[in-house]
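Open the model in your viewer and keep the selection tool at hand. The tour goes stop by stop.

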Amino acid sequence: FVNHFEKKVDDIRSSFAKSNDTAGPAHTALPCALTSFSPLSPDEISRLVTAGRPTTCPLDPIPSSLLQTISGDLLPYLTSLINSSLTAGYVPSVFKRARVAPLLKKPTLDPSHVNNYRPVSLLSFLSKTLECAVLGQLSCYLSQNDLLDPNQSGFKTGHSTETALLCVTEALRTAKANSLSSALILLDLSAAFDTVNHQILLSKLSELGISGAAHAWIASYLTGRSYQVAWRESVSAPRALTTGVPQGSVLGPLLFSLYTKSLGSVISSHGLSYHCYADDTQLIFSFPPSDNQAANRISACLADISVWMTDHHLKLNLGKTELLFLPGKFHDLAITVDNSLVSSSQSAKNLGVILDNTLSFSTNIKAVTRSCRFMLYNIRRVRPCLTQEATQVLIQALVIS
């Protein structure tokens, strides 16, 4: 597993220019700045510790639930530890270790092939508590100064996959009501979080006005990280992480969205609209059915996106990028980018929901009912062995959800 995960990232990194670590010219300084993170009061530290999900990582010395229970007695030490890190701009090395658990991408895939697994980082409870302390102040600074991408639904209060899906489907419905054809392109990135270039990311943060001890803290957070892969009873030797933001971390998703923020201007320059959720980017282009240049405009946009991705050490996987064409009835719309063909299909899965080219949602409804029926069948088989309360929990978790 560890060899597979490492080779996958190395193969992607080898295709990038080694000299490009800034990804574009420097921008002018902003009037706002975040030069340091403020120390937190003991009450604020207590709320962070007790509010966190008590997920226990193998790297934790004691169960997280026990730590939350006795946090009142440890509060002076926890406060000193977290505030010392914030003010010094330094993350303790013990907080930069991860235990990676291979997770099967889909239950239908063959579990005997390592290619069918993705790495999920398990981090110590206190390290995630420290990240929460930084996340609150960093998010507040970005929101107050309007530095977040308005078309990004990930990691923002009041936003979710639901708001992202509503934004996209409403744009498609509006175009359809105005007798316009639409193309929905769902971009696919290969190991996106794992190939983030630290120097480019730190340069992006400087452009956003993050400097001083705050910038030093994030630089310390990114560098010197290591991980071990655990499988059943075996644990690999530690491996160094020289790129990427940890999946499963608190700060990683926000840092990734800041890393990719400038992609929006590339898309908009071609007249396409977009919406993002983490590394899922959805492009929307609506046009009159008589427009014969639609395919060329989409191809030009995807070509520029591919160049932007390469400059930012991200790999656009055109083989898995999906294209949904929504006219009055199904037609073929083929897009060619970098000698790769992106063909239109009658349906595409977007953030867990299957969209079809008529926006009827019939394909998604069939998939959901089929899944519910399968779950009900399995629960019925073991129903005689279950109490009513246990059955209710299963129904709510597996069927109603």
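Is alanine 191 buried or exposed? Select alanine 191 to find out: its relative accessibility is 16%, so it counts as buried, the cut-off being under 20%. Bear in mind that this is a predicted model. Alanine 191 sits in the loop between β4 (189-190) and α7 (198-207). Now check the backbone. Most residues other than glycine have a negative phi. Alanine 191 is not a glycine, yet its phi is positive, at about 45°.

Next, select phenylalanine 361. Here too phi is positive, near 65°, in a residue other than glycine. Look for phenylalanine 361 in the loop between β15 (353-356) and α12 (362-382). Its relative accessible area is 23%, so phenylalanine 361 is partly exposed.

Move on to serine 236. This residue lies in the loop between β6 (234-235) and β7 (239-241). Serine 236 is buried, because its relative accessible area is 16% and the cut-off is under 20%. What does serine 236 touch, leaving aside residues up to four places away in sequence? Show Val2, Gln228 and Val229: these are its contacts.

Last stop: the surface. Select Lys8, Lys106, Arg118, Lys320 and Lys349 together. They form a positive surface patch. Lysine 8 belongs to helix α1, which covers residues 2-13. With 34% relative accessibility, lysine 8 counts as partly exposed.

Note on methods: Residues are numbered from 1 along each chain as its sequence is written. This is a predicted model: local features need pLDDT of at least 70, side-chain atom pairs count only at pLDDT 80 or more; totals for chains, interfaces and linings use all residues. Side-chain values use heavy atoms; hydrogens and water are left out. Helices (H or I, at least four residues) and strands (E, at least two) are DSSP runs, numbered from the N terminus. Buried means under 20% relative accessible area, exposed over 50%, partly exposed in between (1.4 Å probe, protein chains only). Contact means heavy atoms within 4.5 Å. Patches are made of residues with over 30% relative accessible area and no salt bridge: like charges are joined within 9 Å, nonpolar side chains (Val, Leu, Ile, Met, Phe, Trp, Tyr) within 5 Å. Accessible areas come from the Shrake-Rupley method with a 1.4 Å probe; for residues, only the protein chains shown count as cover. A salt bridge is a side-chain nitrogen of Lys or Arg within 4 Å of a carboxyl oxygen of Asp or Glu. Lys and Arg count as positive and Asp and Glu as negative; His and the chain ends are not counted. The place of a charge is taken as NZ of Lys, CZ of Arg, CG of Asp or CD of Glu.
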